[in-house]
Amino acid sequence: MTDTSLHRSLPNRLDNPFRSAVLSWESLLVLVALGIFILNSFASPYFLNAWSLSDLTFNFTEKALIALAMALLIISGEIDLSVAAIIALASTMMGLALQYGADTPVLVMVGIGVGIACGAFNGFLVTGLKLPSIVVTIGTMSLFRGIAFIVLGDQSFKGYPKSFAWLGQGYVYWVISFELVLFLLCAVIYWVLLHRTNFGRRIFAIGNNDVAARFSGVRVDRIKFILFCLTGLMSGLAAVLLTARLGSTRPSIAEGFELEAITMVVLGGVSILGGAGSILGVVLAAVIVGLVTFGLGLLNVPGIVMTIFTGSLLIVVIALPILFRMWRQRA
Amino acid sequence: MTSGTPTSMTDPILTLRGISKSFPGVRALNDVSLELYAGEVTALIGENGAGKSTLVKVMTGIYQPDAGEIRVAGQVVSLPTAHSASAAGITAIHQETVLFDELTVAENIYLGHAPTNRLGLIDWRKMRTEAQATLDSMAADIDAGIKLKELGIAKKHLVAVARALSIDAQVVIMDEPTAALSQKEIEELYVLIDLLKQDGKAILFISHKFDEIYRIADRFTVFRDGEQVGKGFIRDTSQSQVVQMMVGRSVDHIFPARNAAIGDVVLEAKGLSHPTEFDDVSFAVRKGEILGFYGLVGAGRSEVMQAVFGLTQTSGGTLTLEGRAIAPKSPADAVEAGIVYVPEERGKQGVITGEPIFKNVSLPSLGKTSKSGFLRLAEEFALARTYTERLDLRASSLSQDVSTLSGGNQQKVVIAKWLATLPKVIILDEPTKGIDIGSKAAVHEFMGELVAQGLSVIMVSSELPEVLGMSDRIVVMREGRVIDTLENTDLKPEVLVRLAAGIAEEQAA
């Protein structure tokens, strides 16, 4: 064949893992988070306080739970815009169950069950009927919330039991809330799922080229369906926590959550085109969004300004990773 | 132009001189020349991959030649864009017409050069009446006001011709225009080509069908491996002479000797059918055998293989693997059964660009490299190293992005990926299309090793030397049907070409 002196064993990798970690998007997010943390502590004397910091976590935990599953979905090249509407429907169904005398375990099961059912419906429309997910979930966004409005009108459900309220308001230890513990636990599970299992590897393959993934024997539709169900499940879980924290259900509950969850995913370095991203980045992005909104709250910035901020952040973070990658390729 | 007979010594309208065009690893065109004359049809003949499409793209401003010159009516022109080609009077009618379904027929005809009124706005009324006049002059029964999507493919061709007339094109390129037409529609197209000839247009007609070429062409040019190997007047040349020019090449590289012991039937297809693509296809491949599939593009070979691989569903027929009936509903099912497929579209369907070599190789084998669903990177690297080194992959590391590899090395990654699954049958669809000579030889040599180890190989190829050099037996397909299955002993290339193109024996002899 060819000159045998050319024949050498191929190394696993050439680039230094330490260097690529330092230059990564995640380390930039850590710097940004530290910066905002320092700014906040100068901006308000009430910020550096264990209870303030604990309150801060409530600003992002529910949305961040959705962002974990959304990250997987976006990496696979799909998206779910109906997550906030799923919360509304799940919360409404929990309210209905409450009217029939359901106690806490049943309420939780109803919330999560409705979430999974909604996700499965999205997943069926996308993988079974081959419809684009952005169109499907814009449709189901109106559909799910519309059902909540029909059931509730301008009413609201109240009177959730105390043990149920603990899920959204309770503390596991000192200032460490149940919501935060649950989020950290889920973050670890999703990290393992995405970065350490065959399932996660196939998600990346699908996101980079779903045709070639299918040609390589990956069951693309099955995996996408599971991801929609997971996103529904996390939305149902978020519905349980949010309903428990607020103590009531209104049809307008969780409005705008989908944009904040997607902002966290994209700010976390997940490519909006699919195929790239990490759970660590999404967790850091969730903390940053929490820090920023809490900081603005301390400065008494009104809510409407915050939505302007979220919108701008979404645009900036879609542009930033692209600029960052261009810069890194030159470096 | 009344004296526009084929023997007239008028100057050509379009002249190409010394055109060369290379892509990384492939020389698509090498110093080719072509003249097109007013009022004449020149047939461009060649096997798949001979460089015909590349030449059309050079002539229509889509590719820029590396060397050579293009003259229109004696003037040297450069064609940096598709628009400049159209401005130079060159237009192309493609196999699948490139027109706009949602626009009206008139808009399609006048897109980019619509008549305008004094305000510079489109004069719709004038556009409509002139479009209708052009269509009527062609005796085309088409209303210029309806949307294009309401027309069938044949009528769309007529619209494309009307467009050529309306931009006053001097050179009309027809790239397999009859591929999707019925016999009656083909007759109508012939009438139209006569009309274009009378109008003094120079026509370049690309076709695989000899009956068509002999019916309407005045001159011909034969391409082989990116070079011009013959030209002349069609009436002075027999079909067998043309076939000889197409295939009569020197053997450009040595194929490995076939000495694998051939055993029992491994995969057998009986009467496989598909609603539109193929009908009643039967074949069997044995252990240690390379079964070649030869035919023209569109003969249905890839479609059959994709059905065997579970990508499309058949409407009838049975598949048997080692005596057991199988019915793969997805590629995942086929891979589990032991059938793998190396697709023709390497970049789109073969490799996952953006991912490193080792992840590409391990993807279908994750079940083996992992432990209870959890990744084990060391196992993945070991697997990838074993199979890529067997194929002599040229890369800097296993973490290199496959998009940075050459076509030949990407193909090695795809093959390595499948070998790692320890398949029983490996289907290779145009395995060496567009890859460099060195990688080609490596792939061929490796196919020999595969069958020596007892695998069964099905190779779809449109390259005659490859089919003849590698196959133990050859299945010839035409128009979705198996025409013949031949033992590859002292087989003449002319026989395959005749069977694939449907030329009768006595006519060609």
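At what angle do helix 6 and helix 7 of chain A pack, and how far apart are their axes? I opened the predicted model to find out.

**Entry 1: the helix pair.** I read an angle of about 145° between helix 6 and helix 7 (residues 133-152) of chain A, with the axes 10 Å apart. I noted the crossing of this pair as right-handed. Next I looked up who makes the contact. From helix 6 of chain A I listed Cys118(A), Phe121(A), Asn122(A), Leu125(A) and Val126(A). Helix 7 of chain A puts in Ser133(A), Val136(A), Thr137(A), Thr140(A) and Phe144(A). Sorted by class, I have 6 nonpolar and 4 polar residues in this contact, and no charged ones. A reminder to myself on spacing: residues three or four places apart on an α-helix point the same way, because a turn takes 3.6 residues.

**Entry 2: helix 6 by itself.** I checked the span of helix 6 of chain A, which covers residues 104-128, 25 residues in total. From first C-alpha to last I get 35 Å, close to the 36 Å expected at 1.5 Å a residue. After this helix comes Lys130(A), and I jotted down its positive phi, near 60°.

**Entry 3: chain A against chain B.** How many residues of each chain are in contact with the other? I found 26 from chain A and 33 from chain B. On the chain A side, helix 10 (198-208) and helix 11 (210-215) each supply at least two residues. Helix 10 of chain A gives the most, with 6 residues.

Conventions
Residues numbered from 1 in each chain as written. Chains lettered and ligands numbered in written order. Predicted model: local features only at pLDDT ≥ 70, side-chain atom pairs only at ≥ 80, totals over all residues. Helix = DSSP H or I, 4+ residues; strand = E, 2+ residues; numbered from the N terminus. Expected span 1.5 Å × (residues − 1). Contact = placed C-beta atoms within 7 Å. Axes fitted to C-alpha atoms, helices over the stretch in contact; angles between N-to-C directions. Left-handed = near helix turned anticlockwise from the far one by under 90°. Nonpolar A, V, L, I, M, F, W, Y, C, P; charged D, E, K, R; others polar.
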